[in-house]
Amino acid sequence: MQNIIDNANKKALEIIQNGQPTLIGLGVAEEVIPGLAKDLFLHAGPPVSWERMSGPLRGAVIAGIMYEGLASTPEEAAEYGASGKLRFDPCHHHDAVGPMAGVVTSRMPVWIVENKAYGNRAYCTLNEGLGKVLRMGAYGPEVIKHLQWMETVLYPVLKETIEIHGPIDLKIMIAQALQMGDEVHNRNKAATSLLIRELAPSIVKTSFSDEEKIAVLEFLNSNDHTFLNLSMPAAKATMEPVGKVKYSTIVYTMARNGTDFGIRVAALGNRWFTAPAEIIDGLYFPGFSMDDANPDIGDSCITETLGIGGFSMATAPAIVQFVGGTPKDAVRYTTSMYEITTEESQAYKLPPMNFRGAPTGIDIRKVIETQVLPVINTGIAHKEPGIGQVGAGIVHPPMACFEQALEAYVTLLEDEGLLEE
Amino acid sequence: MSVNNLFTQDLKVINIGLKSFYNDLKSQDVTAIQVNWKPKAGGKKKMLDLLSKINKSN
């Protein structure tokens, strides 16, 4: 059996190492995301009903309902959300990912990323910037107005920009950013700068007014997290084909909806293994504390699933000022991730680790054996809808997710008669 | 060096396992380092059984 598992994992790692995530364009969610419809809202993490949704996710759904013009006040929108007229489904079931609440509705513009090695695509909304934003559960008039600006100005300018520029190799851009102090989950300053450098000449060449071009450039420049919404679909596009490798014990999804943390393992296909999401240990913005925090939320830990983000924290020492700890802690986090992964990334090299490749390919057997849990660095949303981000920090998936997955994996092998009695 | 010499030298301790032993030594200014070690699968019998099932057969 050991050989079958090792061979399957070798295949899974080959897929990860060969992945070629490439930005190919932008589109409107309902026109490009498979299965998306007016009455279907996507959200981060494993499946969750309206009744079990956390505050920030409900807040984001309320914002989405108002943005789609299905209600005009937050109260009406909350009623609409609870009415059963809307269906909810994870982004991950539709080749998409979303940061924090991760709500995607039909009208939203999305980046389109294609894995050139395997032909699959991944989608992600455009990053809204910091402050009061839908992804953190805020739904005030300024949130909706900003989403409308993104749809009517940012989206058409960027769409034409990519058409002029042509595809952008995100693997190379991420590899460069990792050498420049980003881990591309909570620090995207270098990657965003590289993206702007690449896009600026093409933005200038678009047919839009100078005012619009300036507004787009200023917005991209004002938001260090612009690239997060590209590193996420890059990781998703890379990991998705791993989900089809039979008998592999490699984790191809980690995601949270603010209520539950869920993982998916290659051999076990689309099945989620969930447990209550944890509260994040981190640094809180002035005036907020752990009492205000919602449990862990967002699809952004798809970056850690690939081996970047928290797994590559050693390469982003500046991030500890945002999530807490010291640069030494960052090296310790990355070092410990080699205990639970299968290979070192051939593309994503980490200078402070003597250019070792990022720890890649989480094996559920190793997590159980060593009791070392994946390290995720993440933003913290307020537990009440409508407030937004209150801090950032470090969090882990619950061990129960991995224990359930291992049990299901052994049952699968027993059912197929592959285990000796 | 005879074993008895050990008792006349300063202690330098490598502590494996429970961190409280390490903390006690540090509080008495004894040179010590902590090894981050846990029993396999945290000693959970059910998990050990599952791991042995997939690790033994070929």
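**Entry 1: domains.** I am working with a predicted model. I found domain 1 (20-234) and domain 2 (243-415) in chain A. I then looked up their spacing: the C-alpha centres of the two domains of chain A lie 21 Å apart. I checked the contact between them next. Domain 1 of chain A puts in 45 residues, and domain 2 of chain A puts in 48 residues.

**Entry 2: the domain 1 side.** Which elements give two or more residues to the side of domain 1 of chain A that touches domain 2 of chain A? I listed helix 3, helix 6 (170-178) and helix 9 (228-239) of chain A. Helix 3 of chain A has the largest share of that side, with six residues. I also sorted this side of domain 1 of chain A by class: 22 residues are nonpolar, 16 are polar and seven are charged.

**Entry 3: the core.** I turned to the largest nonpolar core, which holds 132 residues. W111(A), I174(A) and A405(A) touch the most other members. Helix 3 (residues 55-67) of chain A supplies the largest share of this core, eight residues.

Setting aside neighbours within four places in sequence, I noted contacts of A405(A) with I263(A), V265(A), L268(A), F273(A) and I364(A).

**Entry 4: a sheet.** I traced an open sheet of four strands in chain A, order 5-4-1-6, with antiparallel pairing. Strand 5 (121-125) and strand 6 (168-169) of chain A are at the edges. Each has a single partner strand, so one side of each has no neighbour in the sheet. I looked at one pairing: strand 1 (residues 21-28) and strand 6 of chain A are antiparallel over two bridges. L23(A) has I168(A) of strand 6 as its bridge partner.

I then checked what covers these strands. Helix 5 (residues 141-165) of chain A lies across strand 1, strand 4 (109-115) and strand 6 of chain A. The angle of helix 5 to strand 1 of chain A is about 140°.

**Entry 5: chain A against chain B.** Last, I looked up the contact, which takes 15 residues from chain A and 12 residues from chain B. On the chain A side, helix 1 (2-18), helix 13 (364-370) and helix 14 (399-415) each supply at least two residues. Helix 14 of chain A gives the most, five residues. By class, I recorded seven nonpolar, three polar and five charged residues on the chain A side.

Definitions and conventions. Residues numbered from 1 in each chain as written. Chains lettered and ligands numbered in written order. Predicted model: local features only at pLDDT ≥ 70, side-chain atom pairs only at ≥ 80, totals over all residues. Core = buried A, V, L, I, M, F, W, Y, C linked by C-beta atoms within 7 Å. Buried ≥ 20, exposed ≤ 12 C-beta atoms within 10 Å, placed from the backbone. Contact = placed C-beta atoms within 7 Å. Nonpolar A, V, L, I, M, F, W, Y, C, P; charged D, E, K, R; others polar. Domains from an automatic or database assignment. Pairing = 2+ DSSP bridges. Axes fitted to C-alpha atoms, helices over the stretch in contact; angles between N-to-C directions.
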